Amino acid sequence: MKPNHFFSLLTILLILASCSQPRNFDILIKNGQIVDGSGKPSYIGSVGINADTIAAVGDLGDATGTQEIDATGLTVAPGFINMLSWATESLIEDGRSMADIKQGVTLEVFGEGWSMGPLNAAMKKAEQESQGDIKYNIEWNTLNEYLEYLTKKGISPNVASFVGATTLRINTVGYEDRPPTPQELDSMKLMVREAMEDGALGVGSSLIYAPAFYSSTEELIELCKVAAEYDGMYISHMRSEGSRLLESLDELIRIANEAGIRAEIYHLKQSGKENWDKFDDVVAKVDSANAAGLHITADMYNYVAGATGLDASMPPWVQEGGYDKWAERLQDPDIRKKVKEEMTTPTNEWESLMQAAGDPSKILLVGFKADSLKYLTGKTLKEVAELRGTSPEETAMDLVVQDGSRVGTIYFLMSEENVKKQIALPWMSFGSDAGSPATEGVFLKSSTHPRTYGNFARLLGKYVRDEQVISLEEAVHKLSQLPATNLKIEKRGSLSEGNYADVVLFDATTITDKATFEDPHQYSEGMQHVFVNGTQVLKDGEHTGETPGQVVHGPGYDKK
């Protein structure tokens, strides 16, 4: 026999031997309903994991695992992406991310206007002094240093962030209502460049709030041009979600077009009953922009109420200079009179959520900094005004001054019909717009919006299983592959060989949100197992205590 024939025969024998032996994985999830994130129909199959990576997906035959999970009756899906997370402080307090892990969220995305860096000395001092229930030392300066601080501390989910346009503005212009000087704008652009090379996902804005309100369209275009060089995204809480919703969408589309950047609308909604009929016009504008070659997407939370602060009920001019100046002005009788008048007068000059809610009984007070005011938690602005014998507007001003904060507030603004129609949009993904607390300790000092504990489970239970607004496959796609693709995040978002092993297993017949507006501190139910980077963080519905979360970098990180 010739030598090359011998080696050919040996190769064949080795292949046959390997085929006859079942593959062994570190973890084998078998007999599950595989919903891989692509939107394609589900099937019964298995997932093999080695170290932090998905090694195989599909019919794995007689494969074995050092750890095996029989997923019979469970849905196996990629980990969910929270497109708008405010877990920036809750993860410092408790890295387990209990509220979101129990819903299958494996990636928290930060940066709605404010980001945790870059911070200068004055900003760090102000942030330290303004802390509420959660206290911590600010041991970082840049955005990436903050994200690395979290992972070194130990967190269960992965984390990523946009750099906040508000943060950039405070860093240079401060809280003043004026354009940046050419030098200040150059400094802001340099900070965008540094953040993008450090792995930021793009630029995030929140334009109804001071001082972001003072930013011009042109200023935002200049910042976004830099992010676009790194294939980043512009993501925005637009200037208006109510009376000037369509004009604000035009601004976002203009920024995307002139900066050459992908853009996403934060928590798309039509605020205020008089604006509910604008849904079709919004969809038409987005679809038209996409047909013209732009890339416009949106995210949302699955509730008819939003949550922010009492600052969203007052004109931006009274807030110029930051909280201390704001509180000082609110104690001037002449200014109070003018503020009250503007709070009650319809206008297109600024976005009033008090007017959008329509009635102070639809404004719920949930977050007080001062212990002396926490007894008011859960009461409506109308109830507190009646208790005090003052008008709702005067009560709101008094509370801001007395609490030393903007006061956490829930506003009932949206139509349930529009919520359902938005869920079905092909370019819609999801974000809680909330932290990820636990039902214990310091988190119980304040109330919260039920979306904090229920946004993702609510989609899968109420809107997929019970009301069949979209299919399970489409919902998982919108929770995983769609946002990962929009963000240009590699190796995450689908159950694909070679991807990081962010994997969730849940019971599609029982998953449900339990949190209510009256009692929001309740975990969702039905999520059984969660793996982050191949490490199990939820087992049989209980947290394992593992903290394998890593920083997920944007597309500009590779260009360092």
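This is a predicted model: local features need pLDDT of at least 70, side-chain atom pairs count only at pLDDT 80 or more; totals for chains, interfaces and linings use all residues.
Helix H7 covers residues 182-197, which makes 16 residues. At 1.5 Å a residue the helix should span 22 Å, and its end C-alpha atoms are 23 Å apart, so the two values agree. Its buried residues are Glu184, Leu185, Met188, Met191, Val192, Ala195 and Met196. They cover an arc of only 135° around the axis, which puts them on the same side of H7. Turn to the other side of H7 and you will find Pro182 and Gln183, which are exposed. Just after the helix comes Gly199, with a positive phi of about 110°.

## How H6 meets H7

Now follow one of those neighbours. H6 and H7 pack with their axes 10 Å apart, at an angle of about 135°. That angle makes H6 oblique to H7. The crossing of H6 past H7 is right-handed.

Which residues meet here? From H6 come Leu168, Arg169, Asn171 and Thr172, and from H7 come Glu184, Ser187, Met188, Met191 and Val192.

## Helix H8 and its cover

Buried in H8 are Thr217, Glu219, Leu220, Ile221, Leu223, Cys224, Val226 and Ala227.

What covers these buried residues? The cover includes the helices H6, H7 and H9, along with the strands E10 and E11 (233-237). Just after H8, Asp231 takes a positive phi of about 65°.

## The pair H9 and H10

H9 (residues 245-259), part of the cover of H8, also has a helix partner in H10 (residues 279-291). The axes of H9 and H10 come within 10 Å and cross at roughly 15°. The two helices are therefore roughly parallel to each other. On the H9 side, the contact is made by Leu245, Leu246, Leu249, Asp250 and Ile253; on the H10 side, by Asp281, Val282, Lys285, Val286 and Ala289. H9 passes H10 in a right-handed crossing.

## Two loop residues

Loops deserve a visit too. Pro437 sits in the loop between strand E17 (428-430) and helix H17 (451-466). Is Pro437 buried or exposed? Its relative accessibility is 9%, so Pro437 counts as buried, the cut-off being under 20%. Leaving aside residues up to four places away in sequence, Pro437 touches Ser90, Met98, Ala99, Phe443, Thr452, Tyr453 and Tyr523. Of these, Tyr453 is 16 residues from Pro437 in sequence, and their C-alpha atoms are 8.2 Å apart in space.

Ala424 lies in the loop between helix H16 (416-423) and E17. With a relative accessible area of 36%, Ala424 is partly exposed. Again not counting residues up to four places away in sequence, Ala424 touches Ile470, Glu474 and Lys478. As for Lys153, it is 271 residues from Ala424 along the chain, and the C-alpha atoms of the two are separated by 38 Å.

Definitions and conventions
Residues are numbered from 1 along each chain as its sequence is written. Side-chain values use heavy atoms; hydrogens and water are left out. Helices (H or I, at least four residues) and strands (E, at least two) are DSSP runs, numbered from the N terminus. The expected span of a helix is 1.5 Å times one less than its number of residues. Buried means under 20% relative accessible area, exposed over 50%, partly exposed in between (1.4 Å probe, protein chains only). The arc is that of the directions from the helix axis to the C-beta atoms. Axes are lines fitted to C-alpha atoms, for helices over the stretch in contact, and angles run from 0 to 180 degrees between N-to-C directions. Angles under 35 degrees count as roughly parallel, over 145 as roughly antiparallel, 65 to 115 as roughly perpendicular and the rest as oblique. A crossing is left-handed if the near helix is turned anticlockwise from the far one by less than a right angle, and right-handed if clockwise. Contact means heavy atoms within 4.5 Å.
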